[in-house]
Amino acid sequence: MSVMFVEYKVDPEKRDQYLQWIRSMNRKEPRFELLEGSDQPHLFVEIWRGISFDEYVKLKQERLGRFHSAWSAMAEYVSGGADRIHIWHFRSAP
């Protein structure tokens, strides 16, 4: 089993626009669950289950602006831009 976490803070003034955008992305790609910090408003975490390491590398490159995709737009909403998007991949421990 593998899991990918994507964590970032959305600019407060862009929150509503971000939520519309991320919901449209979730309809296209339903493999992730979106969570917002209970005690840290505007801090979001996406939990992706069953993501291979190769998929993770591709998605990470897209999110960080290494090449253009629909995910590249995320940087517009994130405080500090693409450099402030944190992405990790985990696999089952032996």
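**Notebook: a buried Glu and its surroundings**

I began with Glu7, which I found in strand 1; strands here are DSSP E runs of at least two residues, helices are H or I runs of at least four, and both are numbered from the N terminus. This is a predicted model, where local features need pLDDT of at least 70, side-chain atom pairs count only at pLDDT 80 or more, and totals for chains, interfaces and linings use all residues. Residues are numbered from 1 along each chain as its sequence is written, and side-chain values use heavy atoms, leaving out hydrogens and water.

Is Glu7 buried or exposed? I saw that Glu7 is buried (under 20% relative accessible area with a 1.4 Å probe, protein chains only). Glu7 has no salt bridge (a side-chain nitrogen of Lys or Arg within 4 Å of a carboxyl oxygen of Asp or Glu). Arg84, the nearest side chain of opposite charge, is 7.1 Å away. Leaving out residues up to four places away in sequence, Glu7 touches Arg84, Val45 and Trp88, among others (heavy atoms within 4.5 Å).

Next I looked up Val45, which sits in strand 3 opposite Leu35. Strand 2 (residues 32-36) and strand 3 (residues 43-49) run antiparallel, joined by five bridges. Six residues lie between these strands in their hairpin, where His42 has a positive phi near 80°.

Then I turned to the largest nonpolar core (buried Ala, Val, Leu, Ile, Met, Phe, Trp, Tyr and Cys joined through side-chain atoms within 4.5 Å). The core has 24 residues, and Trp71 is one of those touching the most other members. I noted that helix 1 gives the most, five residues.

Definitions and conventions: Two strands pair if DSSP finds at least two bridges between them. Buried means under 20% relative accessible area, exposed over 50%, partly exposed in between (1.4 Å probe, protein chains only). Lys and Arg count as positive and Asp and Glu as negative; His and the chain ends are not counted.
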